[in-house]
Amino acid sequence: MAIDQYGRSINYLRISLTDKCNLRCVYCMPEDITFRPRAELLQDDEILRLVRLFTEVGFHKFRLTGGEPTVRANCVELVDAIAHSPGVKTVVMTTNGLLLDKMAQPLADAGLQRVNISIDTLDPQKFKKLTRWGEVGDVWRGIYAAEAAGLGVKLNSVVVRGYNDQQDVVDMARLTLENAWQVRFIEMMPFGDVADFQQAGIVSEQELRKRIAAALGPLSVVNGGQLDGEASLYQLPHALGTLGFISSVTQPFCASCTRARLTADGRLRLCLLREREVNLLDPLRQGATDAEMLDIITKAIWRKPWGHKLGQDIIPLNRVMSEIGG
Ligand code: SAM
Ligand code: SF4
């Protein structure tokens with residue numbers, strides 16, 4: 001079992017399958033971003049070896065993310081191989097949903113269990129403005145295809161002041177009245193080149209809850225206040241679904257954190273909001289044995305940090321979000 005210096009058991013790996021994306025969300029990456037050459041990214045056999053090694057130290061939940069995971073060549077084959085690796089119990093994905101229309105069924109058949117689909121607003125114009133060129137109708141086709149394929153569905157919405165913080169939030173929340181979905185509002189986090197924009201646009205959970213309650217009725221706490229992953233859950237009166245709030249900046253959930261992240265270029269990132277990473281790609285390519293790799297991995301996990309330092313203005317600058325995977 002992989003345990004860190006604070007006694008947390010770390011068993012959930014989020015793997016960025018690619019740094020590339022078919023959108024350019026304003027809060028995620030600059031429009032003119034340069035992606036890494038393919039040779040610098042983890043190859044399929046390298047990902048599968050790492051999955052096997054991580055399961056050997058007790059990891060059992062894997063989330064595939066990006067960039068946009070569905071644009072990676074062999075995405076379905078990779079899901080299949082990961083889902084059928086010994087020790088893997090759960091394989092889920094975070095996606096912008098654009099390609100799910102065609103890929104949801106093959107992904108479900110390959111062993112994918114759930115998708116978190118990003119949709120920040122129901123308004124087509126605002127969606128285009130936030131994603132720089134996306135069509136919200138494509139996301140809806142993806143959401144329905146995911147449901148039809150039997151995948152569990154959660155919707156993720158990053159809230160940006162001046163873009164989608166008013167009626168959009170209420171309209172997103174209203175979806176839970178008639179759908180058994182979890183609609184999650186994610187507090188924007190500052191990274192790399194886009195940090196100034198992100199810090200200026202952050203909207204607090206308290207403000208969002210107040211706006212939703214004023215329009216749709218009081219929110220009741222779900223789960224006795226226990227976090228569902230990283231989300232605190234609420235429900236509108238008579239709603240079939242739930243509302244989740246992920247407030248990593250203002251209400252960090254470090255005590256219950258079980259996760260580590262593998263970047264597309266093979267770095268193990270121990271905390272989303274801290275720069276420290278351990279290079280796994282080089283030792284893999286230099287012929288490290290399984291025992292040597294396990295030693296690097298368990299030592300890295302042991303040093304997983306606690307807490308971010310945004311309050312002291314220490315912002316993770318070494319990467320933008322699309323390279324880490326959210
Ligand atoms: N492309 C996929 C997607 O958009 O769902 C997966 C990768 S994306 C980096 C993962 C998640 O991070 C998405 O839900 C996205 O909205 C969120 N995200 C991106 N930039 C963010 C930021 N600066 N703060 C908070 N969440 C962010
Ligand atoms: Fe692409 Fe997802 Fe980042 Fe948007 S949030 S630019 S869809 S990686």
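1. A polar contact is a pair of N or O atoms within 3.5 Å, where, within protein, one atom must be able to donate a hydrogen and the other to accept it, and residues adjacent in sequence count only if both atoms are side-chain atoms. On that basis, an oxygen atom of ligand 1 lies 2.6 Å from an N or O atom in the side chain of Ser118. The side chain of Glu68 places an N or O atom 3.0 Å from a nitrogen atom of ligand 1, and a nitrogen atom of the ligand is 2.8 Å from a backbone N or O atom of Met189.

2. The protein covers 95% of the 550 Å² of accessible area that ligand 1 has on its own (Shrake-Rupley method, 1.4 Å probe; for residues, only the protein chains shown count as cover). Strands S3 (90–95), S5 (152–159) and S6 (182–187) are the elements that give two or more residues to the shell (strands are DSSP runs of E, at least two residues, and helices runs of H or I, at least four, numbered from the N terminus).

3. The model is predicted, so to speak of local features requires pLDDT of at least 70 and side-chain atom pairs count only at pLDDT 80 or more, while totals for chains, interfaces and linings use all residues. Residues are numbered from 1 along each chain as its sequence is written, chains are lettered from A and ligands numbered from 1 in the order in which they are written, and side-chain values use heavy atoms, with hydrogens and water left out.

4. The structure holds six aromatic pairs (rings of Phe, Tyr and Trp, the last by its six-membered ring, with centres within 6.5 Å; planes under 30 degrees apart count as stacked, over 60 as edge-to-face and the rest as tilted). Tyr6 and Trp306 make an edge-to-face pair, with 5.3 Å from centre to centre and 65° between the planes. Because Tyr6 lies in the segment before strand S1 (12–16) and Trp306 in the loop between helix H10 (290–302) and helix H11 (321–324), this pair ties together parts that are 300 residues apart in sequence.

5. Tyr6, at 43% relative accessibility, counts as partly exposed, and Trp306 counts as partly exposed at 40% (buried means under 20% relative accessible area, exposed over 50%, partly exposed in between, with a 1.4 Å probe and protein chains only).

6. Tyr234 and Phe245 are also paired edge-to-face, at 5.7 Å centre to centre and 80° between the planes. Tyr234 counts as buried at 12% relative accessibility, and Phe245 is buried at 2%.
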